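Open the model in your viewer and keep the sequence panel beside it. The stops below say what to select and what is there.

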Amino acid sequence: MEYTTLGRTGLKVSVIGLGCGGPSRIGQATGNSEEESIAIVRHGINSGINFIDTAEIYRTEKIVGKAIEGFKREDLVLSTKKSTWGTIRPDKVIKSFEKSLKNLGTDYVDIYHLHGVILQDYDSLYSEVVPSLLEIRDQGKIRFLGITERFNPDPDHSMLQRALQDDIWDVMMVGFNILNQSARERIFLSAMEKKIGILIMFAVRLALSRPKRLKQCIEELIQNKQINPSTIDKEDPLGFLIHDNGAENIVDAAYRFCHYEPGTHVILSGTGNLNHLKENINIMQKPPLPKKDVLKLKEIFKNVDSITGQ
Ligand SMILES: NC(=O)c1ccc[n+]([C@@H]2O[C@H](COP(=O)([O-])OP(=O)(O)OC[C@H]3O[C@@H](n4cnc5c(N)ncnc54)[C@H](OP(=O)(O)O)[C@@H]3O)[C@@H](O)[C@H]2O)c1
């Protein structure tokens with residue numbers, strides 16, 4: 001397993017992180033039993049993954065809590081989140097945080113995020129909720145503060161661009177993938193200067209794991225005039241990536257593309273399927289995609305900031 005330093009947090013983290021939300025919720029959304037989901041988390045840890053991301057809204061914190069029993073707490077980096085949908089009262093934040101601790105069976109969280117923040121809510125969350133988070137951090141129960149974007153309604157990162165102007169966020173979770181690379185210039189450049197730890201979500205999601213969905217996304221991008229149809233084969237849009245010295249399949253290409261993007265630290269992989277987890281761990285040990293393939297991806301999708309690959 002390859003490890004890296006998560007920006008200014010100094011945390012040593014595996015380059016693949018286990019995402020316990022997304023479309024699979026470690027299998028809780030796709031028919032896994034609790035034992036099967038626990039086995040996925042344990043397999044990840046036994047393979048060297050030390051970064052685990054969950055959230056109160058995923059309803060997987062308790063499963064993570066059970067899965068990590070028996071492992072040394074200090075060997076793991078746990079990330080969880082407070083939802084920001086609707087109105088949040090500061091006292092509710094403290095209650096939610098305490099519940100997350102209990103669910104996870106721990107007395108501290110390495111990274112606690114405000115989850116799915118949109119630009120319209122940012123200023124009020126900053127003035128009304130962040131002081132409570134800082135209080136909990138001062139008590140030693142949160143090590144670092146993070147913020148995550150709500151990528152589907154905010155595919156051009158307007159909230160995170162605003163958040164970059166404040167110096168309190170040690171970690172940001174960003175939507176980035178082959179189809180929407182707009183975070184490269186809008187987020188990563190500035191985050192690298194500020195040494196903010198960057199976690200990637202949506203590396204694969206649906207469009208890069210389901211060929212039919214990929215074709216629909218490409219069609220949409222052609223209609224929006226965000227890609228030039230003459231640069232792409234509509235029937236097999238990313239087929240050029242698969243060749244002897246290139247990627248084995250689109251999922252392989254998608255995770256490797258994100259892994260070697262400058263400024264990214266942990267690529268989150270969300271799966272409820274043990275074989276997929278094994279494949280994804282293996283993918284992250286592979287070298288970068290061939291330079292000419294990466295250049296072609298940058299060229300085709302250089303204007304895209306309207307879709308997420310959902
Ligand atoms: N706003 C936020 O804060 C936010 C939003 C979204 C996600 N997240 C976090 O980011 C994590 C990653 O999210 P993501 O959904 O974007 O993850 P992802 O890893 O990009 O995509 C997950 C999807 O890809 C499929 N998949 C994974 N590996 C595969 C493989 N080898 N072959 C075929 N299909 C494969 C999964 O299905 P299978 O189960 O069948 O493998 C699932 O449908 C989440 O779990 C969550 O922790 C945060």
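In which loop does R59 lie? Select R59: the residue is in the loop between β4 (51–53) and α2 (61–67). Helices (H or I, at least four residues) and strands (E, at least two) are DSSP runs, numbered from the N terminus.

Before going on, note that this is a predicted model, in which local features need pLDDT of at least 70 and side-chain atom pairs count only at pLDDT 80 or more, while totals for chains, interfaces and linings use all residues. Residues are numbered from 1 along each chain as its sequence is written, and side-chain values use heavy atoms, with hydrogens and water left out.

**Loop residues**

Stay on R59. Its phi is near 60 degrees, a positive value in a residue other than glycine. Most residues other than glycine have a negative phi. R59 counts as exposed because its relative accessibility is 63%. Buried means under 20% relative accessible area, exposed over 50%, and partly exposed in between (1.4 Å probe, protein chains only).

Next select K195, in the loop between α7 and β9. K195 also is not a glycine, and has a positive phi of about 60 degrees. With a relative accessibility of 54%, K195 counts as exposed.

Then go to E235, in the loop between α8 (211–223) and α9. E235 is exposed, at 57% relative accessible area.

**The barrel**

Now show the strands. Eight of them close into a barrel with parallel pairing, in the order β3-β4-β5-β6-β7-β8-β9-β10. Neighbouring strands of this sheet are turned by 25 degrees against each other on average, direction ignored. Such angles run from 0 to 180 degrees between N-to-C directions, and axes are lines fitted to C-alpha atoms, for helices over the stretch in contact. Two strands pair if DSSP finds at least two bridges between them.

Select β6 (residues 109–117) and β7 (residues 142–149). Six bridges join these parallel strands, and V117 has E149 in β7 as its bridge partner.

Move on to β8 (residues 171–175), which pairs with β9 in the parallel sense over five bridges. Here V174 stands opposite I200 in β9.

Which residues of β9 point one way, and which the other? G197, L199 and M201 point one way, I198 and I200 the other way, and all are buried. β9 is mostly covered, with five of its five residues buried.

The next strand to select is β10 (residues 266–270). Two bridges join β9 (residues 197–201) to β10, and the two run parallel; I200 has I267 as its bridge partner in β10. β10 is also joined to β3 (residues 16–19), in parallel, by four bridges, with G19 opposite G270. Four of the five residues of β10 are buried, so this strand is largely enclosed by the rest of the structure.

**Helix α9**

Select α9 (residues 250–259). Ten of its ten residues are buried, so the helix is largely enclosed by the rest of the structure. Among them are I250, D252, R256 and H259. The buried residues of α9 pack against α7 (183–194), β9, β10, α10 and α11 (291–300). Contact means heavy atoms within 4.5 Å.

**Two helix pairs**

Two packed helices are described by the angle between their axes and the distance between the axes.

Select α1 (residues 34–46) and α10 (residues 274–283). They pack at an angle of about 20 degrees, with their axes 10 Å apart. That makes α1 roughly parallel to α10. Angles under 35 degrees count as roughly parallel, over 145 as roughly antiparallel, 65 to 115 as roughly perpendicular and the rest as oblique. The contact is made by A39, I40, H43 and G44 of α1 with L274, L277, K278 and I281 of α10.

Finish at α4 (residues 119–128) and α5 (residues 130–138). Their axes come within 4 Å and cross at roughly 45 degrees. α4 and α5 are therefore oblique to each other. L125, Y126, S127 and E128 of α4 make the contact with V130, P131 and S132 of α5.
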